[in-house]
Protein chains: 2
Amino acid sequence: MKSRRVRLVARPKGLPLDSDFQIEEFVVNPHLEAGQVLVRTLYLSIDPSMRIWISGQKSYIDPVPLGGVMFGAVVAEVLQSNSSKLQVGDKVQGFFGWVQHAVVSDKEARKLPSDIPPELFLGVLGMNGMTAYFGLLDVGRPQAGETIVVSTAGGAVGSIVCQIARLKGLNVIGLAGSAEKCTTVVSEFGAHHCLNYNDKDLGKQLRFVCPNGVDIYFDNVGGAVLDTVLPTLNKYARIVACGAIASYNDPRGHPIFNYAVIVSKSIRMEGFIILDYAKRYGEAAAALTGWLQEGRLKHQEHIVNGLENGPAAIRLLFSGQNSGKVLVRVADLAARL
Amino acid sequence: MKSRRVRLVARPKGLPLDSDFQIEEFVVNPHLEAGQVLVRTLYLSIDPSMRIWISGQKSYIDPVPLGGVMFGAVVAEVLQSNSSKLQVGDKVQGFFGWVQHAVVSDKEARKLPSDIPPELFLGVLGMNGMTAYFGLLDVGRPQAGETIVVSTAGGAVGSIVCQIARLKGLNVIGLAGSAEKCTTVVSEFGAHHCLNYNDKDLGKQLRFVCPNGVDIYFDNVGGAVLDTVLPTLNKYARIVACGAIASYNDPRGHPIFNYAVIVSKSIRMEGFIILDYAKRYGEAAAALTGWLQEGRLKHQEHIVNGLENGPAAIRLLFSGQNSGKVLVRVADLAARL
């Protein structure tokens, strides 16, 4: 059976280009060993950390090798099965990469419940939801009544952080990249205010909407925005260092000048890796699913169609033109093969 | 009785100048209320945080007002007493500021033991020792076998951090400002290696002496040195954000470019205020005194003579030309008034 996959062929400088990737046909070996299944990919998850995986630098996982198939989390549907655990039609989640079809072991494929759209397990009920949950509650340690600022508040993680923070009784200030997104962050994601971080007087606006200062900064961007938020932080503030999008494409782009407040105000800035919370995913999944089913947790997906548009989907993320979780739709659930 | 004191008369730009201060005579009111004592200052403690107190910015204490007497911790001797708790000849410690004599309440004066030189309570057994102890053990959370890098390793705090770290089984790398100081840090303060942070290839040298990377950075300086150490840090490393001397005189001097490793390596960077550990000072004092009396903890004082040389003593600290704790000797223990 013929299928398609995407390989990394050049290490991007700055934003990844289409020409850094190559789409190619390949033949799927139709023979399934015991325990193996053939799956077709439904959705690819598009994540900021992809920019690090393709850079060649070592991080918490090895980088994508040049010439190798692009890494990525996906949800997929079982087309053929030689496994006692998975049946044809089952939806599964795995780290199968940018492929249209794959033969995988049932140990690498987590079966998903049939009553929830599978793509939610790449976003609000997946790594993004886990990241928001543990980053806010475990690293941020919020207290009701405190003030939190959340960057990329309209994004996959930020939108969930805003909502959990609101549920926990915090004063929630979102930061987003356009007036339109700010409107969504307030109307849909529960923020009390949302500021546009392209505004030149962001620091002044922050002080205006946070008259008592900022207790938690959930940081997805780093760079100039982090530098602007630092002087607004209160004594004992926490910076949840979740991402530094501003530095991924341009590591020397915007340095941090105001770091000395970390000393003078006893601030804790802490990075974390969501994989370290693996043993507690069940706790987060239960909470997130509960809030979702009660209608207290909203989610938004930004769908890009076609495997060939993966690189464009990554650029979308870094240009901040997405709203919510970016997914690439590889095959429609309604369509067959 | 005539005495002398030092007032702040201008807010310094950059390094404090003699002309930012004014020495003046004043008359000590000889009348002591119940509970009051007249003391003469023996030593002033000179600390990096003084640069912040005189800058006018609010930190954990209000700044020294323009025209006000310069703040500072001192040890002093009781000359007259109207207190049941303190006798003539007792040595006391307090935050009396840059004065030759003071009338103070016995509530503000902590009586010191008579068998230990009083000036040690401004350094190794005082705030510097407490800062080293709680900063290293509570904020840094060291494990035997880990590698620690300590900046200003020949200074009042750094020299104690190096020694406690060695006692706890760590691999200790000091950073200091001259070859001579590096020699002292290794021979006296227990570091396995000490590097000169004026060397242009500091990053390369650090990687050479820390082949397994750095687990804890005890940072007293911030700035370019922090930026150089950041890429050498291991996963889950801790930065004990104790000071940022590099930024005190020039807040926009050297920004931090490499902060994104905090995200990618799950690093915790944490500031702290030693006053928050007040309830546990006894624990630290017992440990430090024990090590001192067993000969396992060395200390070094850098003495500057005369109240009028306080500003020069502050500059000494920032030029890094001190070795050990900087003290201003105001009166000799042997001399009478």
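This is a predicted model: local features need pLDDT of at least 70, side-chain atom pairs count only at pLDDT 80 or more; totals for chains, interfaces and linings use all residues.
Chain B can be laid on chain A by a turn of 180° and a shift of 0.0 Å along the axis, with an RMSD of 0.1 Å. That is the relation of a two-fold axis. Both copies use the same surface: 100% of the contact residues of chain B recur in chain A.

The size of an interface is often given as the accessible area lost when the parts come together. The table lists the values for this pair.

| Interface of chain B and chain A | Value |
|---|---|
| Contact residues from chain B | 32 residues |
| Contact residues from chain A | 32 residues |
| Buried area | about 2,700 Å² |
| Part of the buried area from carbon and sulfur atoms | 60% |
| Salt bridges across the interface | 0 salt bridges |

Which residues of chain B lose the most area to chain A? They are B:Phe257, B:Tyr259 and B:Val263. Together they give 25% of what the chain B side buries.

**Two helices in chain A**

Helix H2 of chain A spans residues 127-139, and helix H9 of chain A spans residues 281-293. They pack at an angle of about 100°, with their axes 10 Å apart. H2(A) is therefore roughly perpendicular to H9(A).

On the H2(A) side, the contact is made by A:Met127, A:Gly129, A:Met130, A:Tyr133 and A:Phe134. H9(A) brings A:Tyr281, A:Glu283, A:Ala284, A:Ala285, A:Ala287, A:Leu288 and A:Trp291. By class, the contact of H2(A) with H9(A) has 10 nonpolar, 1 polar and 1 charged residues.

Definitions and conventions. Residues are numbered from 1 along each chain as its sequence is written. Chains are lettered from A and ligands numbered from 1 in the order in which they are written. Side-chain values use heavy atoms; hydrogens and water are left out. Axes are lines fitted to C-alpha atoms, for helices over the stretch in contact, and angles run from 0 to 180 degrees between N-to-C directions. Helices (H or I, at least four residues) and strands (E, at least two) are DSSP runs, numbered from the N terminus. Angles under 35 degrees count as roughly parallel, over 145 as roughly antiparallel, 65 to 115 as roughly perpendicular and the rest as oblique. Contact means heavy atoms within 4.5 Å. Ala, Val, Leu, Ile, Met, Phe, Trp, Tyr, Cys and Pro count as nonpolar, Asp, Glu, Lys and Arg as charged, and the others, Gly among them, as polar. Copies are superposed by least squares on the C-alpha atoms of residues with pLDDT of at least 70 in both. Buried area is the accessible area (1.4 Å probe) that two parts lose on being put together, summed over both. A salt bridge is a side-chain nitrogen of Lys or Arg within 4 Å of a carboxyl oxygen of Asp or Glu.
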